[in-house]
Amino acid sequence: MKTTFKYVATCLLLSTMAVATITTTGCTHQKEYRRSSGEYLDDQTVTARVKSALFADPNVSGFQVNVDTYQGVVSLSGFVDTAAQKARAEDVARQVSGVRQVQNNLSVRESIQRR
């Protein structure tokens, strides 16, 4: 019983030390990839505004477009049916307040022609 208790106590101690080491050191990130809580919330707000604008636009399917924002730079990804929809999604995103730049990584689906 005493041996089992020592084993459990040792495991808990080592686990606690490992967690403490990981949480205090964290992953090493370059400073340019860090943002404050306020910046994070601003980016989330911009993302929501862009997504809402895409849903409101009849020419672009908001369901097909993924939106990510980092320091005001909006990244669009996903699939659209035509090159016109790709361009329109970028235009819609650029018009949203808080957007500094748009990276349009949307892919146009190849149409499958049936015989």
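## Arg 88 and Asp 57

In this predicted model, Arg 88 and Asp 57 form a salt bridge, with their closest N and O atoms 2.6 Å apart. Arg 88 sits in helix H3, residues 83-94, and Asp 57 sits in the loop between H2 and E1, so the bridge ties together parts that are 31 residues apart in sequence. Arg 88 is partly exposed, because its relative accessibility is 28%. Asp 57 has a relative accessibility of 9%, so Asp 57 counts as buried.

## The other salt bridges

How many salt bridges does the count come to? The total is three. Side chains of opposite charge can pair when their charged atoms come close.

Arg 109 and Asp 81 make one of them, at 3.1 Å from N to O. This pair also links distant parts of the chain, 28 residues apart. Arg 109 lies in the segment after strand E3 (101-108), while Asp 81 lies in the loop between strand E2 (73-80) and H3. Arg 109 is partly exposed at 38% relative accessibility. Asp 81 is partly exposed as well, at 41%.

Glu 90 and Arg 94 make another, at 2.5 Å from N to O. Both belong to helix H3, and they are four residues apart, so about one helical turn separates them. Arg 94 has a relative accessible area of 44%, so Arg 94 counts as partly exposed.

## Overall layout

The protein has three helices and three strands. Along the sequence they follow the pattern α-α-β-β-α-β. Take the contacts between residues at least 6 apart in sequence: 61% of them join residues at least 24 apart.

The protein has 115 residues, and buried residues make up 24% of them. Its accessible surface comes to about 8800 Å². Carbon and sulfur atoms account for 56% of that surface.

H2 has 20 residues. From first C-alpha to last, H2 reaches 29 Å, close to the 28 Å expected at 1.5 Å a residue. Its buried residues are Asp 43, Val 46, Thr 47, Val 50 and Leu 54. These cover an arc of only 100° around the axis, which means they lie on the same side of H2.

What covers the buried residues of H2? The cover includes E1, E2 and H3. The other side of H2 has exposed residues: Ser 37, Leu 41, Asp 42 and Ala 56.

## Asp 43

Asp 43 is found in helix H2. Is Asp 43 buried or exposed? Its relative accessible area is 4%, under the 20% cut-off, so Asp 43 is buried. Leaving out residues up to four places away in sequence, Asp 43 touches Arg 35, Thr 69, Tyr 70, Gln 71 and Gly 72.

## The nonpolar core

In soluble globular proteins, nonpolar side chains tend to be buried together. Here the largest nonpolar core holds 16 residues. Which of them touch the most other members? They are Val 50, Leu 54, Val 65, Val 67, Val 74, Leu 76 and Val 99. H2, E1, E2, H3 and E3 each give two or more residues to this core.

Val 74 has contacts with Val 46, Val 50, Val 67 and Val 99, among others. Its contacts also include Asp 68, Thr 69, Gln 101, Val 102 and Gln 103. Residues up to four places away in sequence are left out of this list. Val 46 and Val 50, two of these partners, are among the buried residues of H2.

## Gly 62

Gly 62 lies in the loop between helix H2 (37-56) and strand E1 (65-70). Its relative accessibility is 2%, so Gly 62 counts as buried. Beyond residues up to four places away in sequence, Gly 62 touches Lys 51, Leu 54 and Phe 55. One of these, Leu 54, is a buried residue of H2 and a member of the largest nonpolar core.

Gly 62 and Ala 89 are 27 residues apart in sequence. In space they are 8.9 Å apart, C-alpha to C-alpha.

Note on methods. Residues numbered from 1 in each chain as written. Predicted model: local features only at pLDDT ≥ 70, side-chain atom pairs only at ≥ 80, totals over all residues. Heavy atoms only, no water. Buried < 20%, exposed > 50% of the residue type's maximum accessible area, 1.4 Å probe, protein only. Contact = heavy atoms within 4.5 Å. Salt bridge = Lys/Arg side-chain N within 4 Å of Asp/Glu carboxyl O. Areas by Shrake-Rupley, 256 points an atom, 1.4 Å probe, with all protein chains shown as cover. Core = buried A, V, L, I, M, F, W, Y, C linked by side-chain atoms within 4.5 Å. Expected span 1.5 Å × (residues − 1). Arc of directions from axis to C-beta.
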